[in-house]
Amino acid sequence: MSFLPSFAMPVIALAGQLTEVATDAATRACGPPADASSLCLSVFRATGNSVLAQGAETLIVRPTRILVILLVAFVARRVLGRVIQRLVTGVQGKASAVTATHSPAVTTCLRGGRRADTIAALLRSISGFAIWTVAGFMVLGELGLNLGPLIAGAGIVGIAVGFGAQNLVRDFVSGIFMLAEDQYGVGDMIDAGSATGTVEAVSLRTTRLRDVNGTVWHLPNGHIERVGNKSQHWSRALLDVEVSYQTDVAMASAVIKRTADGLWAEEEFAGVILAEPEVWGVEDLGADSVKIRLVLKTEPNEQFRVTRELRARIKEAFDEAGIEIPFPQRSVWHRNEAAAVAEGP
């Protein structure tokens, strides 16, 4: 520095002071250099007016950043939704391919498709909530809000709500486990204790059933203590056919088996009845009749249609074979107390 003229040193010092002043002014107008936008700094350097620089930051930079955040969140939500839908479509495509073959795996694949629909809706809801929550916090940060106290306050409020809404949390947790374990799904017929019917909708909080009378039941998932699924993978048509004591059981069983096999062989019921009908034999010796049990393995929720058709056909077959439908029979003993006393011991 010794080769510089003596007057240069004050000039350099003055330039350094001016630079510091300019930097301080830019910091006051646009914020710390690490966070300041290039547009704000450019406007301030060109005009030297902090109001114009701050106006450019407020009216152009921040709205642009917020718009970019919302646009990225929207695109991420759509892309993630498409990925989830593609996975569901793949599962349903396999179910359709297997359905065309009429194989025993049809019910499993169809159920997998319904379960995929339910889980896909849940995943879309959760992913959308997570993406838009993060985007909301980022927008608040762009608006200059301090997120630390806000997040801490939200955590405290969440804990308070959790203690005050234990039943709601219980419903959500039960719903998650119900979906993960595939206890039932839309289209299943279930016995939930307090109500029995066909599942119309399943969410994380409630299950909606419609019973045979058309009544709609809304059951909180956390209050369902046990579930009997009558249509998971396959169903069973169980029919107890009663005949009189004078009937030849072997002949009646043969007629019942022949009638059930005829129904199974028909094209309309070939894809509904999944296995050969079985006559298990005499189930009960009642007061008025002998019960012969017939069982058929059917597609889910088809057991009722099959049993109704079988009752009508077995009635016709019994009429043709001369097998009597039982009716109440009683043996009555009449005792005359006066005659008994007169006869003596």
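Q: How many helices and strands are there in the protein chain?

A: Helices (H or I, at least four residues) and strands (E, at least two) are DSSP runs, numbered from the N terminus. Here the protein chain has ten helices and eight strands. Bear in mind that this is a predicted model, where local features need pLDDT of at least 70 and side-chain atom pairs count only at pLDDT 80 or more, while totals for chains, interfaces and linings use all residues. Residues are numbered from 1 along each chain as its sequence is written, and side-chain values use heavy atoms, with hydrogens and water left out.

Q: Is S289 buried or exposed?

A: Buried means under 20% relative accessible area, exposed over 50%, and partly exposed in between (1.4 Å probe, protein chains only). S289 has 6% relative accessibility, so it counts as buried. Across the protein chain, buried residues make up 28% of the 345 residues.

Q: Where does S289 lie, and what does its side chain make a polar contact with?

A: A polar contact is a pair of N or O atoms within 3.5 Å; within protein, one must be able to donate a hydrogen and the other to accept it, and residues adjacent in sequence count only if both atoms are side-chain atoms. S289 sits in the loop between strand 7 (278–285) and strand 8 (290–298), and its side chain makes a polar contact with the side chain of E242 at 3.0 Å. Beyond four places in sequence, S289 is in contact with E242, V243, Y245, D284 and P326.

Q: Which residues touch the most other members of the largest nonpolar core?

A: A nonpolar core is a set of buried Ala, Val, Leu, Ile, Met, Phe, Trp, Tyr and Cys residues joined through side-chain atoms within 4.5 Å. In the largest, with 22 residues, the answer is V306, L310 and F318. Strand 6 (235–243), helix 7 (249–265), strand 8 and helix 9 (303–321) each give two or more residues to this core.

Methods: Contact means heavy atoms within 4.5 Å.
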